[in-house]
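Here is a short briefing on one protein chain. Look at the sequence and the coordinates before reading on.

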Amino acid sequence: MRKSEICLKCSNNQLLHVGAVADTGRSDKEMRPMLLALMIMGYGSEQLTRAGQLTAVVCRKCGYTEFYVADPESITPDGKYVHEIGGPGPSIIDLPSAGCWHMTLNWGAQHDSLSLDYVKP
Ligand SMILES: [Zn+2]
């Protein structure tokens, strides 16, 4: 919706970009930008921090809202509250010929292997 500038629900093209979603503390006077992620800061401690400032695109007709994180690089996996899913590996693998293949995958410090019975499409 942010790129198309058209509401996904009602096709209206009058949208609002909200650069900071309001978050409050115990009173409205404690306003601050809302952050998405709670993360453990550092190693071996339980100090918590927050990151990932939320922005939003709102349809002025139906109110449908999409949220985005303005700074996704600020969110780092901590193994407790934030986990990385997926990975840098290829999502499509094409092999040179049909047959049984054994593959070893390496990315960063991680390794995996798999065996495939590959049939040409
Ligand atoms: Zn709409």
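Predicted model: local features only at pLDDT ≥ 70, side-chain atom pairs only at ≥ 80, totals over all residues.

Residues are numbered from 1 along each chain as its sequence is written. The protein chain has 8 strands and 0 helices. Its radius of gyration is 22 Å, well over the 14 Å that the globule rule gives for 121 residues, so the chain is more spread out than a compact globule.

**Overall fold**

- Helices (H or I, at least four residues) and strands (E, at least two) are DSSP runs, numbered from the N terminus.
- From the N terminus on, the order of elements is β-β-β-β-β-β-β-β.
- The radius of gyration is taken over C-alpha atoms, and the globule rule is 2.2 Å times the number of residues to the power 0.38.
- Along the principal axes, the C-alpha atoms of the protein chain fill a box of roughly 65 × 50 × 15 Å.

**Burial and contacts**

- A residue is buried if 20 or more other C-beta atoms lie within 10 Å of its own, exposed if 12 or fewer, and partly exposed in between; C-beta atoms are placed from the backbone.
- Of the 121 residues of the protein chain, 6% count as buried.
- Two residues are in contact if their C-beta atoms, placed from the backbone, lie within 7 Å.
- Among contacts in the protein chain with a separation of 6 or more, 38% come from residues 24 or more positions apart.

- Two strands pair if DSSP finds at least two bridges between them.
- Strand β7 (residues 99-107) and strand β8 (residues 110-118) pair in the antiparallel sense. The pairing runs over 9 bridges.
- H102 has S115 in β8 as its bridge partner.
- The hairpin has 2 residues between the strands, and G108 takes a positive phi near 55° there.
- Of the 9 residues of β7, the number buried is 0, so this strand lies largely in the open.
- N106 is found in β7. N106 counts as exposed, with 10 C-beta neighbours inside 10 Å.
- N106 and R60 are 46 residues apart along the chain, and their C-alpha atoms are separated by 47 Å.

- Strand β5 (residues 48-59) and strand β6 (residues 65-69) pair in the antiparallel sense over 5 bridges.
- L54 stands opposite V69 in β6.
- This hairpin has 5 residues between the strands. G63 takes a positive phi near 85° in it.

**Segment before β1**

- E5 is placed in the segment before β1 (15-18). Phi of E5 is near 60°, a positive value in a residue other than glycine.
- E5 is exposed, with 11 other C-beta atoms within 10 Å.
- S11 also has its place in the segment before β1. S11 is not a glycine, although its phi is positive at about 65°.
- S11 is exposed, with 11 other C-beta atoms within 10 Å.

**Loop between β6 and β7**

- G79 lies in the loop between β6 and β7.
- G79 is exposed, with 10 other C-beta atoms within 10 Å.
- G79 and R50 are 29 residues apart along the chain, with their C-alpha atoms separated by 15 Å.
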